[in-house]
Amino acid sequence: MNQCGSALAIWDQRDVNDTSSFPLHSVWLDRFVTDGGWASPFRLSNGSVSWDSARVATNGLGAAMVTWTGRIYYDNYVLGRHLGTDGQWKEVQNVGYGWDSDITMNAAGEALLGFSTGYWGTDVGARMYSPTGGWNGSWYMPQDYYRKEEVRVVMDNHGHALALWKRYEGGWTGYSLWANDYDSASGWRTPRRLSTPVKNYDYYAHLVDIYDVAMSPNGDAVVVWRQPEGTTFSVFAAHY
């Protein structure tokens with residue numbers, strides 16, 4: 001939503017005529033304007049493969065980026081479609097091998113994509129988009145062979161960004177929360193763990209399963225997450 005009250009809504013919709021074990025989905029978008037209400041829904045994808053993880057980000061000035069996971073043959077790829085300030089949608093682009101993606105955009109229309117990738121999600125990847133240059137090369141944050149899931153990304157208007165994900169720690173320790181920050185002058189730094197691993201033989205008692213991150217236009221960020229503490233769950237936060 002922008003400051004004038006206009007908004008974009010995005011969803012994936014199953015093809016009701018497809019009764020197979022892996023039904024086809026298409027990504028749809030609708031636009032709301034304060035003086036006209038909701039417009040007619042617009043299909044962004046062609047529905048030729050299965051879709052998931054649809055995300056949308058805008059700069060509040062007319063530009064937007066929509067990304068989703070598409071299954072091409074037997075592999076998952078992040079696909080994207082850009083809306084320019086001229087109101088024209090570009091063609092769907094294959095951004096790269098991955099899934100569990102998230103997208104964010106700053107006021108200049110630059111976008112940051114974060115996603116799980118590698119063999120069974122053992123790496124976290126990131127790609128930047130420029131309105132003038134398109135997608136740049138991918139950057140990967142490999143750590144080990146443990147699974148990393150549910151990437152979240154935010155960025156400001158001055159070349160700073162933050163990526164967040166949960167990492168399986170192995171054994172009965174479960175998942176912990178990790179983060180990495182980006183600066184346009186020095187690139188991505190070394191990933192670091194935010195939450196403390198909790199070893200507990202009750203599977204549901206060691207999950208970092210709910211978390212989110214927000215960043216201001218000037219680069220201040222807050223991360224919140226739910227983590228087990230004793231016999232219950234508590235909410236934790238970290239400031240960047």
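Student: Okay, which strand does E150 lie in?

Tutor: E150 belongs to strand β14, residues 148-155. Strands here are DSSP runs of E, at least two residues long, and helices are runs of H or I of at least four, numbered from the N terminus. Keep in mind that this is a predicted model: local features need pLDDT of at least 70, side-chain atom pairs count only at pLDDT 80 or more, and totals for chains, interfaces and linings use all residues. Residues are numbered from 1 along each chain as its sequence is written, and side-chain values use heavy atoms, with hydrogens and water left out.

Student: And what's the phi of E150?

Tutor: Positive, near 50°, and E150 is not a glycine. E150 is also partly exposed, at 25% relative accessible area. On that scale, buried is under 20%, exposed is over 50% and partly exposed is in between, using a 1.4 Å probe and protein chains only.

Student: Where does D100 sit?

Tutor: In strand β9, residues 99-105. D100 has a relative accessible area of 22%, which means it counts as partly exposed.

Student: Switching to β16: how many of its residues are buried?

Tutor: 9 of 9, across residues 175-183. Both faces are covered: Y175, L177, A179, D181 and D183 are buried on one side, and S176, W178, N180 and Y182 on the other.

Student: Which way do β15 and β16 pair?

Tutor: Antiparallel, over 9 bridges, with β15 running through residues 160-168. Pairing needs at least two bridges found by DSSP between the strands. Within that pair, N180 of β16 stands opposite A163.

Student: What does W178 bridge to in β18?

Tutor: R193. β18 is residues 192-193, and it pairs antiparallel with β16 over 2 bridges.

Student: And how does β16 get to β17?

Tutor: Through a hairpin of 3 residues. β17, residues 187-188, is antiparallel to β16 over 2 bridges, and Y182 has W188 as its bridge partner.

Student: New topic: which residues make the nonpolar surface patch of about 250 Å²?

Tutor: V222, V224 and V235. Of these, V224 lies in strand β20, residues 221-229, and is partly exposed at 34% relative accessible area. Patch members need over 30% relative accessible area and no salt bridge; nonpolar side chains (Val, Leu, Ile, Met, Phe, Trp, Tyr) are joined within 5 Å, like charges within 9 Å. A salt bridge is a Lys or Arg side-chain nitrogen within 4 Å of a carboxyl oxygen of Asp or Glu. Accessible areas come from the Shrake-Rupley method with a 1.4 Å probe, and for residues only the protein chains shown count as cover.
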